[in-house]
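The following note sets out comments on the model under review.

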Amino acid sequence: VQLVESGGGLVQVGGSLRLSCAASGGTFSSYAAAWLRQAPGKEREFVASISRNGDAAYYRNSVKGRFTVSRDNAKDAMYLQMNNLKHEDTAVYYCAVRSAATWIGVNGDYWGQGTQVTVSS
């Protein structure tokens, strides 16, 4: 499975971005999917995940109420709507999938190359 993220960029504090993850080369609906991020000097961390049929989503506490994960299996795509962005959201954001009904932890079977999100004041 190949994953390609897009939609990152530079945004001011309080702004919004929508990340997209396009999947190819596999049956996207067979995979639970997630967004993870890695800031400079920090370990990669879980941001949000969505079950393979889209009926369950999970978020790290710091993004609850601000980020929304969604997927469109007909389009082999996943999205992350990020609102009210903060400095601490600055990181490279990765999409990943694993062959399971739901996502667990930070380990995926396939990863994208990442997209940079920078939040400035």
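1. Overall dimensions. The model is predicted. A compact globule of 121 residues would have a radius of gyration near 14 Å, and the 13 Å found for the chain therefore agrees with that expectation. Along the principal axes, the C-alpha atoms occupy a box of roughly 40 × 25 × 25 Å.

2. Secondary structure. The chain contains eleven strands and zero helices. Read from the N terminus, the order of elements is accordingly β-β-β-β-β-β-β-β-β-β-β.

3. Buried residues make up 40% of the 121 in the chain. Among contacts with a separation of 6 or more, 56% are between residues 24 or more positions apart.

4. Disulfide. One disulfide is found in the whole structure. The bond joins Cys21 and Cys95, with 2.1 Å between the sulfur atoms. This pair links distant parts of the chain: Cys21 belongs to strand E3 (residues 17–24) and Cys95 to strand E9 (residues 91–98), 74 residues apart. The link of Cys21 and Cys95 is right-handed, with 60° about the S-S bond.

5. Setting of the cysteines. Are the two partners buried or exposed? The cut-off for a buried residue is under 20% relative accessible area. Cys21 has a value of 1% and is therefore buried. Cys95, at 0%, likewise counts as buried.

Key: Residues are numbered from 1 along each chain as its sequence is written. This is a predicted model: local features need pLDDT of at least 70, side-chain atom pairs count only at pLDDT 80 or more; totals for chains, interfaces and linings use all residues. Side-chain values use heavy atoms; hydrogens and water are left out. Helices (H or I, at least four residues) and strands (E, at least two) are DSSP runs, numbered from the N terminus. The radius of gyration is taken over C-alpha atoms; the globule rule is 2.2 Å times the number of residues to the power 0.38. Buried means under 20% relative accessible area, exposed over 50%, partly exposed in between (1.4 Å probe, protein chains only). Contact means heavy atoms within 4.5 Å. A disulfide is a pair of cysteine sulfur atoms within 2.5 Å.
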